[in-house]
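Work through the exercises below with the model in view. Try each task before you read its solution.

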Amino acid sequence: EPTSGLDPIACREVKDWLRLLAAGGMTVLLTSHLLADVEDVCHRVAILRDGTVRAGGSVAELLQRRDAVRLSIEGIEAAQAEALRRELESRLARPVGCDHPRIGLEDFFLRAVSETGDTGQEQRRPPAEFLRRPPAPPAAREAAT
């Protein structure tokens with residue numbers, strides 16, 4: 001539970017550091033019941049119950065709804081969106097939903113408390129030196145053990 005008890009800014013920093021480690025070639029094993037954090041950080045997940053893997057795979061594959069498609073159009077007026085929605089309903093002969101994309105609450109919070117209005121990146125401390133170093137090649141890690 002690396003983010004348990006942390007405020008949103010520190011939580012984002014920890015998740016960014018975990019992503020940095022993974023991007024540097026390290027395997028990071030994260031166990032958590034904070035599923036939003038898992039979704040933010042992990043590429044692959046395994047869902048366990050009673051010691052048995054009940055589901056596993058990439059986060060993108062597991063969470064994708066294959067029975068629906070969402071179209072996103074920026075800079076469109078409400079009346080234009082409604083006309084397009086009605087046209088699709090007419091062509092498909094079934095109801096068509098229309099909504100606005102959302103950002104996560106963590107991103108919203110970080111933007112709200114940032115002095116510049118973005119995600120607050122410039123206010124964060126740089127990661128510790130050991131996190132910035134590239135991981136040793138596998139042969140060097142084996143020799144060190």
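## Exercise 1: a loop residue

Aspartate 50 sits in the loop between β1 (44–49) and β2. Strands (E, at least two residues) and helices (H or I, at least four) are DSSP runs, numbered from the N terminus. The model is predicted: local features need pLDDT of at least 70, side-chain atom pairs count only at pLDDT 80 or more, and totals for chains, interfaces and linings use all residues. Residues are numbered from 1 along each chain as its sequence is written, and side-chain values use heavy atoms, with hydrogens and water left out.

Solution. 
- Start with the general rule: most residues other than glycine have a negative phi.
- Next, take the cut-offs: buried is under 20% relative accessible area, exposed is over 50%, and partly exposed is in between (1.4 Å probe, protein chains only).

## Exercise 2: another positive phi

Task: locate alanine 93 and state its phi.

Solution. 
- Alanine 93 is in the loop between α4 (78–92) and α5.
- Its phi is positive, about 55 degrees, although alanine 93 is not a glycine.
- Alanine 93 counts as exposed because its relative accessibility is 69%.
- Now step back to arginine 86, which is in helix α4.
- Arginine 86 is partly exposed because its relative accessible area is 46%.
- Its C-alpha atom is 7.8 Å from that of valine 96, 10 residues apart along the chain.

## Exercise 3: a glycine in a strand

Task: which residues does glycine 56 touch, not counting residues up to four places away in sequence?

Solution. 
- Apply the contact rule: heavy atoms within 4.5 Å.
- With those sequence neighbours left out, glycine 56 touches Val45, Ala46 and Leu62.
- Check valine 45: its C-alpha is 5.5 Å from that of glycine 56, and the two are 11 residues apart in sequence.
- Glycine 56 has 45% relative accessibility, so it counts as partly exposed.

## Exercise 4: the core

Task: list the residues of the largest nonpolar core.

Solution. 
- Use the definition: a nonpolar core is a set of buried Ala, Val, Leu, Ile, Met, Phe, Trp, Tyr and Cys residues joined through side-chain atoms within 4.5 Å.
- The largest such core has 8 residues: Val14, Leu18, Leu30, Val38, Val41, Cys42, Val45 and Val59.
- Two or more of these residues come from each of α1 and α2 (35–41).
- Look at leucine 30: not counting residues up to four places away in sequence, it touches Pro2, Leu18, Val38, Val41 and Cys42.

## Exercise 5: two helices

Task: at what angle do the axes of α1 and α5 cross?

Solution. 
- Two packed helices are described by the angle and the distance between their axes.
- Axes are lines fitted to C-alpha atoms, for helices over the stretch in contact; angles run from 0 to 180 degrees between N-to-C directions.
- The axes of α1 (residues 8–23) and α5 (residues 105–113) cross at roughly 120 degrees and come within 10 Å.
- Helix α1 brings Pro8, Ile9, Cys11, Arg12 and Lys15 to the contact, and α5 brings Glu106, Asp107, Phe109, Leu110 and Val113.

## Exercise 6: the whole chain

Task: how many helices and strands does the chain have?

Solution. 
- The chain has 7 helices and 2 strands.
- Their order along the sequence is α-α-β-β-α-α-α-α-α.
- Of its 145 residues, 19% count as buried.
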